[in-house]
Amino acid sequence: MRRTRKERELARGQGKDQLLVKLLKADAPYEEIKRALLELEKRWLREAKTEVERQLTRRGIAEDLVSQAYAFDMPWEEFGQWLRRVQRLGFSNLALRVHIACLYVQSLHLFPRRAREAWDVLEDAERRVLRIRKEHFLRKESLNALAHAKKVATVSRPASR
């Protein structure tokens, strides 16, 4: 019996989560986690039947690599590479857009010259969140995450030009 696309995506997500948990429990270094995610991406790209599936695969792995680069305090050369890839491919959903915007602002202590862009990305995410119905749970959660990122950011928004 063939699985539906949703079933395949769920199985892939669970597999990726299990891989990450295993690596994190083993205190794997960033390079090992990156290598494992890229190998997983390569395998899934070979199995993908459509360009849409390939796009979803690339996007999901890139989003995970932004999070891992943040968690390991990677310099701009590494963090920025994955951030740019996600921006180019588009975000999977608004929650991940907010998550990545928050990580960007919170990592500015490593690359303060990127402050203007990071704050612009955060403000763009906030504008998008404010378009959600007031009673929707995602609006409150996202606004809380954005407020927290603003509060803990060690590099403030540069003055306007």
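**Helix packing and a pocket**

Author: Helix 1 and helix 3 cross in a right-handed way. A crossing is right-handed if the near helix is turned clockwise from the far one by less than a right angle, left-handed if anticlockwise; helices are DSSP runs of H or I, at least four residues, numbered from the N terminus. The model is predicted: local features need pLDDT of at least 70, side-chain atom pairs pLDDT 80 or more, while totals for chains, interfaces and linings use all residues. Residues are numbered from 1 along each chain, and side-chain values use heavy atoms, without hydrogens and water.

Reader: At what angle do helix 1 and helix 3 pack?

Author: Axes are lines fitted to C-alpha atoms over the stretch in contact, and angles run from 0 to 180 degrees between N-to-C directions. Helix 1 (residues 5-25) and helix 3 (residues 51-71) pack at about 25°, with axes 13 Å apart. They are therefore roughly parallel, a label for angles under 35 degrees.

Reader: Which residues of helix 1 and helix 3 make the contact?

Author: Contact means heavy atoms within 4.5 Å. Among those making it are Arg5, Arg12 and Leu24 of helix 1 and Glu53, Ile61 and Gln68 of helix 3.

Reader: Which residues are closest to the centre of the largest pocket?

Author: A pocket is an open set of points on a 1 Å grid over the protein atoms alone, where a 1.4 Å probe fits, with protein on both sides within 12 Å along at least five of seven lines; lining residues have an atom within 4 Å of a point. Of 17 lining residues, Glu9, Lys16, Leu56, Thr57 and Gly60 are closest to the centre. Helix 3 gives the largest share of the lining, eight residues.

How values were computed
Helices (H or I, at least four residues) and strands (E, at least two) are DSSP runs, numbered from the N terminus. Angles under 35 degrees count as roughly parallel, over 145 as roughly antiparallel, 65 to 115 as roughly perpendicular and the rest as oblique.
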